Amino acid sequence: MKSHETDFEKHTSRIGGKYLYGIILFSDLNQLNDISMKPQYATICGITRQELEDTFIPELNQLAEMNELTYEETVNKMTALYDGYHFCEFAEGVFNPFSVLNVFDGYKFSNYWFQTVTPTFLVELLKESEYDLRTLIDGIEASASSFMEYRVDANNPIPLIYQSGYLTIKDYDKEFQLYRLAFPNDEVRYKSGLYFQGSFKCFFEYLHRNI
């Protein structure tokens, strides 16, 4: 890439590239600036509540009318279903833009996010793993290194689960530098198959039915 270096390389964004980071030697890709946990970029991939209410007032009112809800009830339901992603311990939560846009497309509340995710690779890793997924129901405590690791390890599937969007940062203990990871919202919690069944078998079978 050096022989064809342009200004575009300086301003190119890559989402989901953690597993490439630090692996490709002798390449400009090895000089990536990882912004995953930097607060100034924490809302770049989502929609904040303020942005939702400033930008989508007509859509929110129409959604409320179509579902026989008040405006406040509509925003609260949107928040419970689609908000809650935190990409830094100091950042406000953001809504999943894919789910938000799909809600406004048909004016129906549904679980849209799960239709786009659950890669086969994750399913296969969980199949090999002995990790008890029931521990995820109430959230887990983890150091940053334990869930930001780019190497794939069946003994520790948390990084891949986190980076696939099933978990997000919910709290941070400054004294012990520990994060609490949990499901971001009801959409993910319900459709993960863990909220009610609470077992690896149900989770795995559910994933296979939806990929």
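The model is predicted, so local features are given at pLDDT of at least 70 and side-chain atom pairs at pLDDT 80 or more, while totals for chains, interfaces and linings use all residues. Residues are numbered from 1 along each chain as its sequence is written, and side-chain values use heavy atoms, with hydrogens and water left out.

## Overall fold

The protein contains 10 helices and three strands. Helices (H or I, at least four residues) and strands (E, at least two) are DSSP runs, numbered from the N terminus. In sequence order, the pattern is α-α-α-α-α-α-β-α-α-β-β-α-α.

Of the 211 residues, 39% count as buried. Buried means under 20% relative accessible area, exposed means over 50%, and partly exposed lies in between, for a 1.4 Å probe and protein chains only. The protein exposes about 12,600 Å², and carbon and sulfur atoms supply 51% of this area. Accessible areas come from the Shrake-Rupley method with a 1.4 Å probe; for residues, only the protein chains shown count as cover.

Contact means heavy atoms within 4.5 Å. Among contacts between residues at least 6 apart in sequence, 63% join residues at least 24 apart.

## Cores

A nonpolar core is a set of buried Ala, Val, Leu, Ile, Met, Phe, Trp, Tyr and Cys residues joined through side-chain atoms within 4.5 Å. The largest nonpolar core has 24 residues, and Leu-136, Phe-147, Ile-158, Ile-161, Leu-167 and Leu-181 touch the most other members. At least two residues of this core come from each of helix 6, strand 1 (140-142), helix 8 (158-163) and strand 3 (178-182). Helix 8 gives the largest share, four residues.

Which residues does Leu-181 contact, leaving aside its neighbours within four places in sequence? Among them are Gly-139, Ile-140, Phe-147, Ile-158, Tyr-162 and Leu-167. Another core, of 15 residues, lies apart from the largest one and includes Leu-52, Leu-60, Val-103 and Tyr-112.

## The loop between helix 1 and helix 2

Tyr-41 lies in the loop between helix 1 (7-10) and helix 2 (49-55). Tyr-41 is partly exposed, at 32% relative accessibility. Together with Ile-35 and Ile-44, Tyr-41 forms a nonpolar patch on the surface, with about 260 Å² of accessible area in total. Patches are made of residues with over 30% relative accessible area and no salt bridge; like charges are joined within 9 Å, and nonpolar side chains (Val, Leu, Ile, Met, Phe, Trp, Tyr) within 5 Å.

Thr-48 is in the loop between helix 1 and helix 2 as well. Thr-48 is buried, since its relative accessible area is 5%. Leaving aside neighbours within four places in sequence, Thr-48 is in contact with Thr-43, Glu-92, Gly-93, Val-94 and Phe-95.

## Salt bridges

Side chains of opposite charge can pair when their charged atoms come close. A salt bridge is a side-chain nitrogen of Lys or Arg within 4 Å of a carboxyl oxygen of Asp or Glu. The structure holds two salt bridges.

| Pair | Closest N and O atoms |
|---|---|
| Glu-53 and Arg-49 | 3.2 Å |
| Asp-186 and Arg-189 | 2.4 Å |

Glu-53 and Arg-49 are four residues apart in helix 2, about one turn of the helix. Glu-53 is partly exposed at 23% relative accessibility, and Arg-49 is partly exposed at 32%. Asp-186 and Arg-189 are three residues apart in helix 9 (residues 186-191), about one turn of the helix. Both Asp-186 and Arg-189 are buried.

## Residues with positive phi

Most residues other than glycine have a negative phi. Tyr-107, in the loop between helix 5 and helix 6, has a positive phi near 55 degrees. Gln-177 also has a positive phi, of about 55 degrees, although it is not a glycine. Gln-177 lies in the loop between strand 2 (168-173) and strand 3, and is exposed with a relative accessible area of 53%.
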